[in-house]
Amino acid sequence: MTGIILFDGQCVFCDHSVQFILKRDVDEVFQFASLQSDIGQQLLKQYNVDSSMDSIVVIYMNKLYTQSDAAIVIAQQFKGLWKLLTVVKFIPKWLRDKMYVVIAKNRYRLFGEMDTCRIPTEEEKRRFI
């Protein structure tokens, strides 16, 4: 595993995104941790990122990516037709990030907030740090 995805552990949309990635990351490139966890906070500090970061964070090949760049890095690891999701990289970054921010700011209102966390299967547990 060469990448880490930090996600909002309280966000329903983020949880569904993690489940989506788990199913499609067939080479098991990524491990996962919530932004709110001790390891998540340590990694943000290590990469000099504000601990109140309101974005998915991907650390891949020792480089940090956020917002739409993070989503593109994730999609680049997928196989088959899912790799086509990377076509969004041809949209100017300022526009991609603007769309990302609109969704991120409204994610609790649109998708809800989790009261409890889904317990990973035994197979999935090794992917969470």
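Buried means under 20% relative accessible area, exposed over 50%, and partly exposed in between (1.4 Å probe, protein chains only). This is a predicted model, where local features need pLDDT of at least 70, side-chain atom pairs count only at pLDDT 80 or more, and totals for chains, interfaces and linings use all residues. Residues are numbered from 1 along each chain as its sequence is written, and side-chain values use heavy atoms, with hydrogens and water left out.

**Exercise 1.** Classify the two partners of the salt bridge between Lys125 and Glu122 as buried, partly exposed or exposed.

*Solution.* Start with the pair itself: the two side chains meet at 3.0 Å, N to O. A salt bridge requires a side-chain nitrogen of Lys or Arg within 4 Å of a carboxyl oxygen of Asp or Glu. Next, take the accessibilities: Glu122 has 62% and is exposed, while Lys125 has 39% and is partly exposed.

**Exercise 2.** Describe how α3 and α4 are arranged.

*Solution.* Two packed helices are described by the angle between their axes and the distance between the axes. For α3 and α4 the angle is about 95° and the axes are 7 Å apart. Axes are lines fitted to C-alpha atoms, for helices over the stretch in contact, and angles run from 0 to 180 degrees between N-to-C directions. The two helices are therefore roughly perpendicular, a label for 65 to 115 degrees (under 35 is roughly parallel, over 145 roughly antiparallel, the rest oblique). Now list the contact, meaning heavy atoms within 4.5 Å: Gln67, Ser68, Asp69 and Ile72 of α3 meet Lys93, Arg96, Asp97, Tyr100 and Val101 of α4.

**Exercise 3.** How many residues apart in sequence are the parts tied by Asp25 and Arg127?

*Solution.* Their side chains form a salt bridge of 2.5 Å, N to O. Asp25 sits in the loop between α1 and β2 and Arg127 in the segment after α5 (122-125), so the parts tied together are 102 residues apart. Asp25 is buried at 1%, and Arg127 is buried at 4%.

Conventions
Helix = DSSP H or I, 4+ residues; strand = E, 2+ residues; numbered from the N terminus.
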